[in-house]
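Please open the model in your viewer and keep a selection panel at hand, as this tour moves from one selection to the next and says what to look for at each stop.

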Amino acid sequence: MNFEEAKDYLLQKARAMGLEAEVLATETREMSLSAFEGRLEEITQATQGGIGVRVVVEGKVGYAYTEEKTPEALDWVMQEAYENALLQTGGDAFIPAGSALGRHDLLGEGLSAALEEKQAAALAVEATLRQDARVKQVPRTAYQEQEVEVVLGSTKGASGGYRAGVSVLMGSAILEGGGAPKQSWNVDASREFHALEPGKTALELIERTARLLDARPLKTGKYRAYFEPKAFAQLLGVISFLFSAKNVLEGKSLLAGKVGEQVASGLVTIVDDPTLPGGIASRPFDAEGTPSRPLVIIENGLLKSFAHNSETARKMGVESTGHAQRGYKGVLGVGHSNLFLKPGAGVRLEEGVLVTEMMGLHAGANPISGDFSLQALGLKLEGGEVAYAVENFTVAGNLLTLLQSISAVGSELEWEYWGMALGAPMVEVAELSFAGA
């Protein structure tokens with residue numbers, strides 16, 4: 001029995017039991033190749049998949065999943081979900097009305113290259129890095145890819161599936177050339193393996209790291225901050241926590257109750273677009289079968305909407321935005337896809353600190369309070385030019401205050417991939433606290 005047949009079997013059983021039910025099946029294939037000292041050090045491949053059921057019984061929701069597709073396993077999973085629902089205490093759960101969603105292939109031939117080509121890509125990143133005399137260590141270079149197939153159906157009419165995937169090339173290097181050695185990393189991601197360029201990934205990494213050599217201490221104080229696109233994209237990943245309606249309802253977002261209010265600089269427009277052509281995290285519909293559409297979260301500084309699944313939308317009296325997220329093992333949540341800060345008129349470098357890389361984002365930023373204190377790497381700017389590299393420093397503030405203090409937005413978008421795609425141009429912040437020497 002394949003996933004389609006298993007989904008149909010489960011929905012027939014749910015109807016026979018008089019249940020509202022949603023069936024979500026996913027299969028994920030992952031491969032990772034890493035190179036070290038001119039040879040392939042590690043090759044791993046794994047495939048994981050299963051089928052999860054969400055049922056509603058008397059307004060109470062129950063979940064269960066199985067990784068087997070036999071009739072016995074499917075009978076068990078439906079019964080388990082039913083009994084789990086009965087264990088809940090009240091509620092107004094529901095399965096949203098759905099529609100025929102079609103079958104979509106967003107990946108095509110994107111990962112179809114021979115294994116030898118992918119091995120060569122990981123080796124080429126390392127080889128290019130080692131050609132530079134300033135490179136003293138190459139801790140890691142790797143190629144990774146992920147392919148996922150999704151099948152969804154419900155007793156309320158949702159029916160569809162899609163295939164998506166991503167290929168990722170990465171490297172890290174330690175350079176010496178004056179003062180303390182500096183380490184940095186670079187990651188490039190694409191839906192198309194052949195769009196990746198190992199030489200470019202390596203040379204960009206060398207360039208990004210070499211400019212940090214011969215660093216001087218930074219005097220503690222407040223400076224105008226310029227975030228390079230990838231550095232701000234990393235920060236946007238933390239800020240995205242504030243946009244989830246689930247976090248709002250759980251009292252975990254500073255933006256609760258602020259829809260319609262000015263929460264950021266008028267230069268800030270933030271969009272999540274799962275329909276973005278070629279987007280690394282694009283998808284035709286969400287985990288409940290709500291068709292994807294672009295969502296403007298902040299427009300010219302005004303908070304327009306949170307990201308919703310059907311459950312959060314009903315509680316807040318709005319429509320789902322198509323941001324339901326769950327795996328076959330999980331429960332209903334909210335997740336972003338291609339989240340980006342819309343480019344602006346441009347940034348003109350003046351006096352301040354150019355932040356090139358953020359570190360420790362998970363430990364150093366509290367998305368609930370919005371306060372952050374993060375280790376970073378960067379360059380001191382004087383007279384609109386790079387004056388010198390600065391030693392590792394700490395940049396601190398509050399995420400909401402930072403959004404309100406953005407004084408210019410660059411014109412070119414760059415992307416990072418953190419499970420979701422995060423895009424940002426160069427960003428200027430009028431003033432931030434820096435702790436250096």
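On a 1 Å grid over the protein atoms alone, a cavity is a set of points where a 1.4 Å probe fits but cannot get out, whereas a pocket is an open set with protein on both sides within 12 Å along at least five of seven lines, and lining residues have an atom within 4 Å of a point. Grid points are joined across faces, edges and corners, and a volume is the space filled by probe spheres set on the points. The model is predicted, with local features needing pLDDT of at least 70 and side-chain atom pairs counting only at pLDDT 80 or more, while totals for chains, interfaces and linings use all residues. Residues are numbered from 1 along each chain as its sequence is written, and side-chain values use heavy atoms, with hydrogens and water left out.

**Stop one: the cavity**

Select W185, N186, V187, R208, K230, Q234 and E416, which line the largest cavity, a space of about 30 Å³. Strand 7 and helix 5 each give two or more residues to this lining, and the largest share, 3 residues, comes from strand 7; helices (H or I, at least four residues) and strands (E, at least two) are DSSP runs numbered from the N terminus.

Colour strand 7 (182-190), helix 4 (198-210), helix 5 (229-239) and strand 19 (414-418) to see the elements that give two or more residues to the pocket lining. By class, the lining of the second largest pocket has 11 nonpolar, 6 polar and 12 charged residues, where Ala, Val, Leu, Ile, Met, Phe, Trp, Tyr, Cys and Pro count as nonpolar, Asp, Glu, Lys and Arg as charged, and the others, Gly among them, as polar.

Then move to Q325, R326, H336, G419 and M420, the closest to the centre of the largest pocket among its 49 lining residues. The largest pocket has a volume of about 1,200 Å³, and its lining divides into 23 nonpolar, 19 polar and 7 charged residues.

**Stop three: two helix pairs**

Show helix 3 (residues 115-130) with helix 4, whose axes come within 8 Å and cross at roughly 35°; axes are lines fitted to C-alpha atoms, for helices over the stretch in contact, and angles run from 0 to 180 degrees between N-to-C directions. In this pair A121, A124, V125, T128 and L129 of helix 3 meet P198, G199, A202, L203, L205 and I206 of helix 4, contact meaning heavy atoms within 4.5 Å. The residues of this contact are 9 nonpolar, 2 polar and no charged.

Turn now to helix 1 (residues 3-16) and helix 2 (residues 71-86), which pack at an angle of about 45° with their axes 10 Å apart. Here A6, Y9, L10, K13 and A14 in helix 1 meet P71, L74, D75, V77 and M78 in helix 2, a contact with 8 nonpolar, no polar and 2 charged residues.

**Stop four: two loop residues**

Finally, select E37 in the loop between strand 1 (20-36) and strand 2 (39-57), where phi is near 50°, a positive value in a residue other than glycine. N300, in the loop between strand 10 (295-299) and strand 11 (302-303), also has a positive phi of about 50°.
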